[in-house]
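Please look over the sequence and the structure shown below, and then read the briefing that follows, which takes its topics one at a time.

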Amino acid sequence: MSDYINNAYQLTSQETSLIKKEFSTHTDWNKKIFDQLKKNIVLHLRKEQDNKCCYCKHELGFDIKDVEIEHIVPKSTFSKFTFCCKNLALSCPGCNTKKGTKNVLNKPIKNYPRSGNAFKIIHAHYDSYPQHIQIDNKSVYIALSSKGSETITICELFRLNKVEDNMKKFNAEQQSILAWLTEEIRTSKPEEQAAFIREIKRRIRNE
Ligand SMILES: [Zn+2]
């Protein structure tokens, strides 16, 4: 699997004319008429990105709310790049929200840049992620370059460190409850054991 998107989405001629007809400013992105086009983009990019968020590299969920089409250059600042396919990548809602409309450019631009040099952050179409960020234990982000460091700051990737810590704490808690229940079963009367076993099953299923 490549470290960046090799093939941007290619608009069909119908999609190009739809955009010509229906798009004038970045808020048009939310028009219902573009729903199918957005679905096609998501489908294409999921494959290109190995179903991972372009910023944190966590697996993207399959529900529509678990994946967002991210505008690398914010569409509110550069309306004209709203449907520019090189400007689109999939991200998790967390990274998309944290990145918001923060500036990602090194200098002012007129046309869409053809390389990653113009960008402060890792560009999903141009830059090889592992050259800029090393991820330890799926949650600790280590910058290997200034681009890596800017990406960590702009998307607040350190937030995932906390999530991982919480998960560990949660798991440890669950483990100790399970150990306690198991001990209870060992020492309880046969008629009580069934109830404890039910409780363990319930906790394992996380009900
Ligand atoms: Zn993410």
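The protein chain is divided into domain 1 (13–129) and domain 2 (162–204), with bounds that come from an automatic or database domain assignment. Between the centres of domain 1 and domain 2, taken over C-alpha atoms, there are 44 Å. This is a predicted model, in which local features need pLDDT of at least 70 and side-chain atom pairs count only at pLDDT 80 or more, while totals for chains, interfaces and linings use all residues. Residues are numbered from 1 along each chain as its sequence is written.

**Strands 1 and 2**
- Strand 1 (residues 68–71) and strand 2 pair in the antiparallel sense over four bridges, where strands are DSSP runs of E with at least two residues, numbered from the N terminus, and pairing requires that DSSP finds at least two bridges between them.
- Glu 68 has Ser 91 in strand 2 as its bridge partner.
- In strand 2 (residues 88–91), Leu 88 and Leu 90 on one side and Ala 89 and Ser 91 on the other are all buried, meaning that 20 or more other C-beta atoms, placed from the backbone, lie within 10 Å of each residue's own.

**Strands 3 and 4**
- Strand 3 (residues 133–136) and strand 4 (residues 140–143) run antiparallel and are joined by four bridges, with Asp 136 standing opposite Val 140.
- These two strands form a hairpin with three residues between them, and Asn 137 in the turn has a positive phi of about 50°.

**Record annotation**
- An unreviewed UniProt entry places the feature "domain: HNH" at residues 53–101, although such annotations may be inferred rather than shown by experiment.

Notes. A residue is buried if 20 or more other C-beta atoms lie within 10 Å of its own, exposed if 12 or fewer, and partly exposed in between; C-beta atoms are placed from the backbone.
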